[in-house]
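Here is a short note to read beside the model. Please keep the viewer open and look up each residue as it is named.

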Amino acid sequence: MKKWIDRLAQGKSLDDNILSDLLTCNDADILSYLHQQARETSLTIFGNSVYIRGLIEVSNCCRNDCYYCGIRKSNTLVERYRLTKEDILDCCATGYNLGFRTFVLQGGEDRALSISVLTDIVTSIRNQYPDCAITLSLGEMSRHDYQTLYDAGANRYLLRHETYDEKHYSLLHPYEMSFSHRINSLKALREIGFQTGTGIMVGSPGQTVEHLIQDIRFIESFKPQMVGIGPFIPHSQTPFASEQPGSIEQTLTLISIFRLMLPHALIPSTTALASLSKDGRERGILAGANVVMPNLSPTNIRKNYSLYNNKASLGAESAEGLKLLKDQLQRIDYTISYSRGDFH
Ligand code: SAH
């Protein structure tokens, strides 16, 4: 197995059966070799520093009804909120003073955040923070709207494809949502010039090793600049309430595979990973991740942006907890990089 890991580290592609063995491997020695190779790749390219991105959860109103997501429109128990432009600019000001140079605006597909409202917000952030990167993660839009936001000054866009298997996609989403529309949205983002991120939830209901191999093949050929990989975590007010969470080990394996496959990619150690396990964030970094996204949202609304149960938003997962994050990173010999951290 180690020789296959070496091949991956040399930039070679692995056959499906080898990927399958790797994805199901639970031999501690082999996994630790995989993580070590991935970590060394990260260290060579990025050194021992981790980029920080300030996450602003702009709205939990959503027109979609994704079966896994806690803020799906059918969840009537969610207290809905939408930040105003002033709220968002306040978050940016707080973040800027703490040292953040990337703001990530994430939210549901909220009709009230129309393209003119969003353009106004992006334009204001761009004018006030010319040295910062603006990342959006607001779901699917028309190519025209993506272009408008890019022209207003947004630089990056995160849109996980969730699964590259069309049947599996329809098991996770209602009929109105289309796999091909999601993939076409990603292609449009890339063509427009956004640094584009995609990814999956590990262990989403119905996911098989074959599906994961399809995801790997897609990411291998699409070559996104960012890859977001986190475990699926059930939310009690969704149809998947009684499903099991995804495996931390398999999440780490995938992080390492993508680090070796796309050495320059920006790969976050995700909030979902940190929410499932106390040392999840550190383990993600030690498996090759090089980004963390502390929460910059106003503290009173964080509980309402509940994509899954027990989602971490305080402590080292929060922007105000940067000192804690610094200490955690220091314990594993890493530091925070305050640079914008664009893809090179
Ligand atoms: N509306 C945006 C942002 C969605 S939230 C969009 O459609 O892209 C960001 C990511 O959170 C999703 O892409 C999904 O992969 C992840 N997510 C949602 N529910 C989750 C759950 N129950 N467990 C783990 N991750 C989840």
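This is a predicted model: local features need pLDDT of at least 70, side-chain atom pairs count only at pLDDT 80 or more; totals for chains, interfaces and linings use all residues.

1. **A term to begin with.** Contact means heavy atoms within 4.5 Å. Not counting residues up to four places away in sequence, Leu-266 touches Tyr-51, Arg-53, Gln-195, Gln-225, Met-226, Val-227, Asn-290, Val-291, Gly-341, Asp-342 and Phe-343. Find them in the sequence, then in the model.

2. **Leu-266, continued.** Where does Leu-266 lie? Its place is the loop between helix 10 and helix 11 (271–276). Is Leu-266 buried or exposed? Its relative accessible area is 3%, so Leu-266 is buried. Now look at Val-291, one of the residues that Leu-266 touches. The two are 25 residues apart in sequence, yet their C-alpha atoms are 6.5 Å apart in space.

3. **The whole chain.** Step back for the overall picture. The chain holds 13 helices and nine strands. Its C-alpha trace spans about 55 × 45 × 35 Å along the principal axes. Does this chain agree or disagree with a compact globule? A compact globule of 344 residues would have a radius of gyration near 20 Å, and the chain has 19 Å, which agrees.

4. Of the 344 residues, 60% are buried. The accessible surface comes to about 14,000 Å². Carbon and sulfur atoms account for 50% of that surface.

5. **Contacts and charges.** Consider contacts between residues at least 6 apart in sequence. Of these, 75% join residues at least 24 apart. Charges come next. There are 35 positive and 37 negative side chains. The centres of the two sets lie 3 Å apart.

6. **Helix 2 has a buried side.** Helix 2 runs over residues 16–24. Which of its residues are buried? They are Ile-18, Leu-19, Leu-22 and Leu-23. These four cover an arc of only 135° around the axis, which puts them on the same side of helix 2. An α-helix has 3.6 residues a turn, so residues three or four places apart point the same way. What covers the buried residues of helix 2? The cover includes helix 1 (2–9), helix 9 (209–222) and helix 10 (248–261).

7. **Leu-186 in helix 8.** Leu-186 lies in helix 8, residues 179–192. Its relative accessibility is 0%, so Leu-186 counts as buried. Which residues is it in contact with, leaving aside neighbours within four places in sequence? They are Leu-159, His-161, Thr-196, Gly-197, Thr-198, Phe-218 and Phe-222. Tyr-157 is 29 residues from Leu-186 along the chain, and the two C-alpha atoms are separated by 8.9 Å.

8. **Asn-60 in a loop.** Asn-60 sits in the loop between strand 2 (54–59) and helix 4 (85–98). Asn-60 has a relative accessible area of 0%, so it is buried. Leaving aside neighbours within four places in sequence, Asn-60 is in contact with Ile-71, Val-78, Glu-79, Arg-80, Tyr-81, Asn-304 and Tyr-305. Now find Lys-3. Asn-60 and Lys-3 are 57 residues apart in sequence and 46 Å apart in space, C-alpha to C-alpha.

9. **Glu-166 in helix 7.** Glu-166 belongs to helix 7, residues 166–172. Is Glu-166 buried or exposed? Its relative accessible area is 54%, so Glu-166 is exposed; the cut-off for exposed is over 50%. Ser-180 is 14 residues away from Glu-166 in sequence, and 8.2 Å away in space, C-alpha to C-alpha.

10. **Two backbone angles to check.** Most residues other than glycine have a negative phi. Asn-310 is not a glycine, yet its phi is positive, about 60°. Asn-310 is found in the loop between strand 8 (291–292) and helix 13 (322–331). At 68% relative accessibility, Asn-310 counts as exposed. Asp-333 also deserves a look. Its phi is near 70°, a positive value in a residue other than glycine. Asp-333 lies in the loop between helix 13 and strand 9 (335–337). With 61% relative accessibility, Asp-333 counts as exposed.

Terms used. Residues are numbered from 1 along each chain as its sequence is written. Side-chain values use heavy atoms; hydrogens and water are left out. Helices (H or I, at least four residues) and strands (E, at least two) are DSSP runs, numbered from the N terminus. The radius of gyration is taken over C-alpha atoms; the globule rule is 2.2 Å times the number of residues to the power 0.38. Buried means under 20% relative accessible area, exposed over 50%, partly exposed in between (1.4 Å probe, protein chains only). Accessible areas come from the Shrake-Rupley method with a 1.4 Å probe; for residues, only the protein chains shown count as cover. Lys and Arg count as positive and Asp and Glu as negative; His and the chain ends are not counted. The place of a charge is taken as NZ of Lys, CZ of Arg, CG of Asp or CD of Glu. The arc is that of the directions from the helix axis to the C-beta atoms.
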